[in-house]
Amino acid sequence: MINIKKIFATAVCCVFCTVAATACGEDGKSGSASEKGKEASGIVNYIAPEKGDEVIVMTIKDRGDVKIKLFEDEAEKGVENFVGLAKDGYYDGLTFHRVINEFMIQGGDPLGNGTGGESIWGDKFEGGTSENAIHLRGAIAYANSGATSTNGSQFYIVTGEDLTEEMFELYAANGYTFTDDAKKLYMENGGTPFLDGGYTVFGQVYDGLDIVMDIQTTATDENDKPVEDVIIEKVTVEEYDGEDLKFYMSDYE
């Protein structure tokens with residue numbers, strides 16, 4: 001039985017913190033990324049990047065690479081900011097300072113405590129939202145302090161939880177609405193749907209999701225800070241070379 005109070009309490013906490021943050025088919029196979037992405041008209045999370053597109057490679061110390069597709073058409077300023085910071089080496093050596101199991105992992109703060117960071121423009125920026133870029137498992141978005149106009153350098157990657165029809169009934173009872181396409185993808189792949197519309201989602205992990213899911217289980221203190229640092233060695237901007245995609249946890253089985 002889902003603890004709906006816990007879920008919505010977490011969402012409220014994310015909004016009011018100093019800096020908030022914050023899959024497979026019927027046959028058990030994921031299918032191609034393009035096929036899966038087209039199941040939901042307009043939703044871009046699982047549509048494959050094209051060869052030559054800019055992608056992000058985030059190297060986590062002692063863990064490996066997390067590769068991220070960018071949503072330039074849905075979050076132009078958000079992508080511009082993250083790419084610019086990455087090229088400047090801003091994220092190199094920073095940590096994931098906030099980790100909550102079945103919710104998200106958050107990083108990008110040079111102070112390492114959730115109160116720091118800035119955009120490439122030296123201040124906060126308005127990133128906006130898009131109904132086509134949602135909080136499915138593996139989505140990356142900017143943390144904010146109550147509005148998308150307060151985006152800076154901090155980001156989170158969704159780990160989320162598995163979702164059921166009962167959970168969506170509870171969401172509906174609390175005033176949340178979702179398209180049939182979004183609901184279908186959430187139920188197939190998991191995520192944090194209650195964050196939609198409040199945060200700028202600007203990309204999706206297409207390889208290394210297993211690393212993200214492993215990080216979420218790391219031991220943390222009372223402030224959700226990992227007891228042992230989870231370090232981002234470097235973040236680079238590279239060209240997608242047409243390699244195999246692993247959008248879904250089932251791809252790692």
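Biologist: Is E188 buried, partly exposed or exposed, and what is its relative accessible area?

Modeller: This is a predicted model, in which local features need pLDDT of at least 70 and side-chain atom pairs count only at pLDDT 80 or more, while totals for chains, interfaces and linings use all residues. Residues are numbered from 1 along each chain as its sequence is written, and side-chain values use heavy atoms, with hydrogens and water left out. Buried means under 20% relative accessible area, exposed over 50%, and partly exposed in between, with a 1.4 Å probe and protein chains only. On that scale E188 is partly exposed, its relative accessible area being 23%.

Biologist: Which side chain meets that of E188 in a salt bridge?

Modeller: A salt bridge here is a side-chain nitrogen of Lys or Arg within 4 Å of a carboxyl oxygen of Asp or Glu. Both partners lie in helix 5, four residues apart, about one turn of the helix, where helices (H or I, at least four residues) and strands (E, at least two) are DSSP runs numbered from the N terminus. At 2.9 Å, N to O, the partner of E188 is K184.

Biologist: Within what arc do the buried residues of helix 5 fall?

Modeller: In helix 5, which spans residues 180-189, the buried residues are A182, L185, Y186 and N189. Seen down the helix axis, they line one face of the helix, because their directions fall within an arc of 100 degrees. That arc is taken over the directions from the helix axis to the C-beta atoms, and for helix 5 its value is 100 degrees.

Biologist: What is the phi of D62, and where is D62 placed?

Modeller: D62 is exposed, with a relative accessible area of 76%. Its place is in the loop between strand 1 (54-60) and strand 2 (64-70). Although D62 is not a glycine, its phi is positive, at about 65 degrees.
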